[in-house]
Amino acid sequence: MSVVTIRNVEFLNNPARFLDKYKFRVTFECISALSDDLEWKLIYVSSPGQTEYDQELEDCMVGPVPIGINS
């Protein structure tokens, strides 16, 4: 069982122009205390099964994360 479960992902600027920054809200549930911050990554999967072609579009660190539902 996972300590963090994603509940919802909402894209806040959809549609957007090509050069616009990504704006999204992730709602997740944390059922246990975390010793580290969470790192979220937005990855474009260009070819399933071949991770060498994946592209990391954005990342961010979130923390400290309290137990419960967060966004």
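This is a predicted model: local features need pLDDT of at least 70, side-chain atom pairs count only at pLDDT 80 or more; totals for chains, interfaces and linings use all residues.
Local features shown here need pLDDT of at least 70 and side-chain atom pairs count only at pLDDT 80 or more, while totals for chains, interfaces and linings use all residues. Residues are numbered from 1 along each chain as its sequence is written, and side-chain values use heavy atoms, with hydrogens and water left out.

**View 1. Glutamate 29 meets arginine 7 in a salt bridge.** A salt bridge here is a side-chain nitrogen of Lys or Arg within 4 Å of a carboxyl oxygen of Asp or Glu, and a search of the whole structure finds three. In this one, the N to O distance is 2.7 Å. Because glutamate 29 sits in strand β2 (residues 24-30) and arginine 7 in strand β1 (residues 4-11), the pair ties together parts 22 residues apart in sequence. Strands are DSSP runs (E, at least two residues), numbered from the N terminus. Glutamate 29 is partly exposed at 24% relative accessible area, and arginine 7 is partly exposed at 48%. Partly exposed lies between buried (under 20% relative accessible area) and exposed (over 50%), using a 1.4 Å probe and protein chains only.

**View 2. Glutamate 10 pairs with arginine 25.** Their closest N and O atoms are 3.1 Å apart. Glutamate 10 belongs to strand β1 and arginine 25 to strand β2, so this contact ties together parts 15 residues apart in sequence. Glutamate 10 is partly exposed at 35%, as is arginine 25 at 37%.

**View 3. Lysine 41 joins glutamate 56.** Here the closest N and O atoms lie 3.6 Å apart. The pair links distant parts of the chain, with lysine 41 in strand β3 (residues 38-44) and glutamate 56 in strand β4 (residues 55-62).

Note on methods:
Helices (H or I, at least four residues) and strands (E, at least two) are DSSP runs, numbered from the N terminus.
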